[in-house]
Amino acid sequence: MDTLVTDTLLVTMDPDTPGGSGDLGIVERGAVGWTDGEIVYVGPADAVDPADAERTIDGDGRLTCPGFVNVHVHGRHSIVRGAAQDVPEIEWMDRALGPIVDHVTPADGVVGARLTALEAIASGTTTIGEYATDVAALVDEVYRPLGLRVVATETINELPDTSDVRDSDDSDDSDDSGVRDPDEPVPFDRERGAAALGRAEALFERYADDPLVEPAYGPQALDMVSMDRLREVVDRARAADRTVHMHVAQGDRERRGIEARYGDGETTVGVLDAAGLLGDHLLAAHLHGATVDERARLADAGVRMVGCPSSITAIDGIVPPIVEYREHGGDVGIGTDQAPGPGGHHALRELRTAALLAKADRGDPTALDAAGALEIATIGGARALGIDDRVGSLSPGKRADVAVYDLGSVGVAPTVNDPFHTAIPNLVYGAVGNELEAAFVDGVQLVSAGGIVGLDADAVVAEANERAERIFADAAADWRAAGSTLVDDVDAGRL
Ligand SMILES: [Zn+2]
């Protein structure tokens, strides 16, 4: 084998791990090794000879686990991190974020996505589920050069007059170009949808032989695409065994839009079900606007789910139904969505947030434990994206997407292995952000003790700062005229 991480606290997320215990596959002095990116050894360290490896990494005092799978990300928006938060949900896009995002150029968006990628990698994320218009630009300019694994979802939106950047966000009041009355549906722009579908199809050809890129269709939401287009997308996905990644039941604006288009009392899930569009091809984002019965129906139909705890709590004041969907038996992953509002894309912070919000939401400290959070963020995310045959656990034959955390970090230390492994809760609840010591994607090292391999993170931050200053300055008058409560906060010296 070419690489062996040995003498480590191994957490494989594979219950069949040789020498491992429990669903997490914990091996106290474990080792994981790979050849050409394929995992060839998982198990006790004393059952493998380090001399068999060209390179050995000392895992003593470290926890080694699968890299995190961030299922739902709109990476461009990191360029305007901080632009909108702490505002009433209805204002978030139309009056707070929107006037600023209008001044983001495609080149700014690339730098935003690069910042997203750096933050994600630095916390142990190895797969990003990017969701964007012209997603190939971000794959080619950001994710692929960094060596991240990416599920590239092309946004398909048929609302007229929508800018490239603004249609990549997803709050329920976030559709696009300014304020739109959801009760008065506009005619769909079918040509726009056809062009987007064309871009999606091109992804499948372009990345057919790329082991790190998995394309997906992204019909943005049922109130944003025509039923004809959605049927066409789902037919293609079913025929070719591809994923349809769609925002589903994301709140009041969508609910009103669906009633306006499909009739009083109609809901997104009801319309999709009646049209025969539910099934295991579908990855549904959010679902907080669905009923419990509807979510049970989705899980029964094999629909996968992604919840975005920080984002939906920050923007909508709602805890996404991650725990409930697991109880229905559905596959669930976690996403960080976009930086404005929830703050960013740090994997461990999102795990902590997911677990704590679930506890508070249920009034039950057992609602989501540290092990459950780890599961959702690794193998759960891989199942949600349909790539669990390749990643999500450290298992022989899978690809070596691996994160190694230093257990000596402040906030995580001390850790003990007897009578139980405190490193697991300590990492989920106590991490402060600098614990990652090494990360590998497809067996290639992306992070070392010196930082992200082959990239000057300081230069990316400097460029992002420069661009953000220009964007916010250009947007200042429009932003003030839009009159969000953030304007009052600024005038009161609170921001
Ligand atoms: Zn989204």
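Q: Where in the chain is alanine 249 found?
A: In this predicted model, alanine 249 sits in the loop between strand S10 (244–248) and helix H6 (252–262).

Q: What makes the phi of alanine 249 worth noting?
A: Its phi is positive, at about 55 degrees, although alanine 249 is not a glycine.

Q: How do you know whether glycine 450 is buried or exposed?
A: Glycine 450 has 6 C-beta neighbours inside 10 Å, so it counts as exposed. Glycine 450 belongs to the loop between S16 and strand S17 (451–452). Its C-alpha atom is separated by 33 Å from that of glycine 19, which is 431 residues apart from it along the chain.

Q: Why does glutamate 91 count as partly exposed?
A: A residue is partly exposed when its count falls between the limits of 12 or fewer for exposed and 20 or more for buried. Glutamate 91 has 18 C-beta neighbours inside 10 Å, so it takes this class. Glutamate 91 lies in the loop between strand S6 (68–73) and helix H1 (92–101). Apart from neighbours within four places in sequence, glutamate 91 is in contact with Ala96, Ser484 and Thr485.

Q: What makes arginine 349 partly exposed?
A: The count for arginine 349 is 19 C-beta neighbours inside 10 Å. Buried needs 20 or more, and therefore arginine 349 counts as partly exposed. Arginine 349 lies in helix H11.

Q: Why are H11 and H13 called roughly perpendicular?
A: Angles of 65 to 115 degrees count as roughly perpendicular. The axes of helix H11 (residues 347–362) and H13 cross at roughly 95 degrees, and come within 7 Å. The two helices are therefore roughly perpendicular to each other.

Q: Which residues make the contact of H11 with H13?
A: H11 contributes Leu348, Leu351, Arg352 and Ala355, while H13 contributes Leu427, Val428 and Tyr429. By class, these residues are six nonpolar, no polar and one charged.

Q: Into which domains is the chain divided, and how far apart are their centres?
A: There is a domain 1 (3–66 + 393–452) and a domain 2 (68–385). Their C-alpha centres lie 30 Å apart. The contact between them takes 23 residues from domain 1 and 26 residues from domain 2.

Q: Which elements supply the side of domain 1 that touches domain 2?
A: At least two residues each come from strand S5 (62–66), strand S14 (402–406), helix H13 (423–430), strand S15 (436–441) and strand S16 (444–448). H13 gives the most, with five residues. This side of domain 1 has 19 nonpolar, two polar and two charged residues.

Q: Which residues touch the most other members of the largest nonpolar core?
A: These are Ala117, Ile121, Ala284 and Ala354, out of the 152 residues in the core. Helix H2 (residues 106–122) gives the most to this core, with nine residues.

Q: How do you know where this core lies relative to domain 1 and domain 2?
A: Domain 1 and domain 2 both give residues to this core, so it lies between them.

Q: What is alanine 284 in contact with, leaving aside its neighbours within four places in sequence?
A: The contacts of alanine 284 are Met246, Val248, Leu298, Val303, Arg304 and Met305.

Technical notes
Residues numbered from 1 in each chain as written. Predicted model: local features only at pLDDT ≥ 70, side-chain atom pairs only at ≥ 80, totals over all residues. Core = buried A, V, L, I, M, F, W, Y, C linked by C-beta atoms within 7 Å. Helix = DSSP H or I, 4+ residues; strand = E, 2+ residues; numbered from the N terminus. Domains from an automatic or database assignment. Contact = placed C-beta atoms within 7 Å. Nonpolar A, V, L, I, M, F, W, Y, C, P; charged D, E, K, R; others polar. Axes fitted to C-alpha atoms, helices over the stretch in contact; angles between N-to-C directions. Parallel < 35°, antiparallel > 145°, perpendicular 65-115°, else oblique.
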